[in-house]
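Have the picture open while you read.

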Amino acid sequence: TVVAIAGATGSGKSSLFNAVTGTRIAEQGPRRPTTSMTMAASFSASNNELLDLLDVPRRYEVQAPVDGMQDLILLDLPDHDSTATAHREEVDRLVSLVDQFIWVLDPQKYADAVVHQQFLRPLAANADVTLVVLNQVDRLEASTRREVLADLTNLLARDGLGGVPVLATSARTGEGVPELRSAV
């Protein structure tokens, strides 16, 4: 099963990728965008033929942090909103090839029109394999968090993604990471 993590610059995709994999293989840093090429973490022997087909050159074999992830390949994608055209093209290419898509949003840009109009709405036909994550929830007060999650859920419903699971996570604190692992 191939699962891709996608989102905007600064949403914490690579930090979340590291948290889910239990590694530090994805670069994180103040320079944005940090992820310029798709990277794969395989939780068992890499399926090189599949990764060749997906054209994913950066590959790592890592131990599954929990049982049940052994048949999973997790992809960390470049930022869809990067000024580098190749990054956007890479995300567009992989959207139609992976088994499950995780869209990572953050409290600052979760309602960004570009994300909803150009990415989430077109994925409405694939709602059954789409998961939305609001990352960086540790930056929100409890009452604000509830408001943002409710607003995000309403926005997703308008995008045709009503009923899509929405998880609250913090890659920094680990909140919601076990639930995300279970969901994939």
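This is a predicted model: local features need pLDDT of at least 70, side-chain atom pairs count only at pLDDT 80 or more; totals for chains, interfaces and linings use all residues.

Residues are numbered from 1 along each chain as its sequence is written, and side-chain values use heavy atoms, with hydrogens and water left out.

**The sheet**

Start with the open sheet of seven strands, which go in the order β3-β2-β4-β1-β5-β6-β7 with mixed pairing. At its edges stand β3 (58-61) and β7 (166-168), each with a single partner strand, so one side of each has no neighbour in the sheet. On average, neighbouring strands here are turned by 20° against each other, direction ignored. Strands are DSSP runs of E with at least two residues, helices are runs of H or I with at least four, and both are numbered from the N terminus. Two strands pair if DSSP finds at least two bridges between them; β6 and β7 pair in the parallel sense over three bridges. In β7, V166 stands opposite V132.

**A residue in β6**

Now look for L134, found in strand β6 (residues 130-134). Is L134 buried or exposed? L134 is buried, with a relative accessible area of 0%. Buried means under 20% relative accessible area, exposed over 50%, and partly exposed in between (1.4 Å probe, protein chains only). Not counting residues up to four places away in sequence, L134 touches several residues, including Y110, L152 and T169; contact means heavy atoms within 4.5 Å.

**The rings**

A search of the whole structure turns up two aromatic pairs. Rings of Phe, Tyr and Trp (its six-membered ring) pair if their centres lie within 6.5 Å; planes under 30 degrees apart count as stacked, over 60 as edge-to-face and the rest as tilted.

| Pair | Centre to centre | Angle between planes | Type |
|---|---|---|---|
| F101 and W103 | 5.2 Å | 40° | tilted |
| W103 and F119 | 5.3 Å | 50° | tilted |

The pair of W103 in strand β5 and F119 in helix α4 links distant parts of the chain, 16 residues apart. Ring pairs join F101, W103 and F119 into a cluster. How accessible are they? F101 is buried at 3%, W103 is buried at 0%, and F119 is buried at 4%.

Helix α4 (residues 113-120) also holds H116, which counts as buried at 3% relative accessibility.

Terms used:
Axes are lines fitted to C-alpha atoms, for helices over the stretch in contact, and angles run from 0 to 180 degrees between N-to-C directions.
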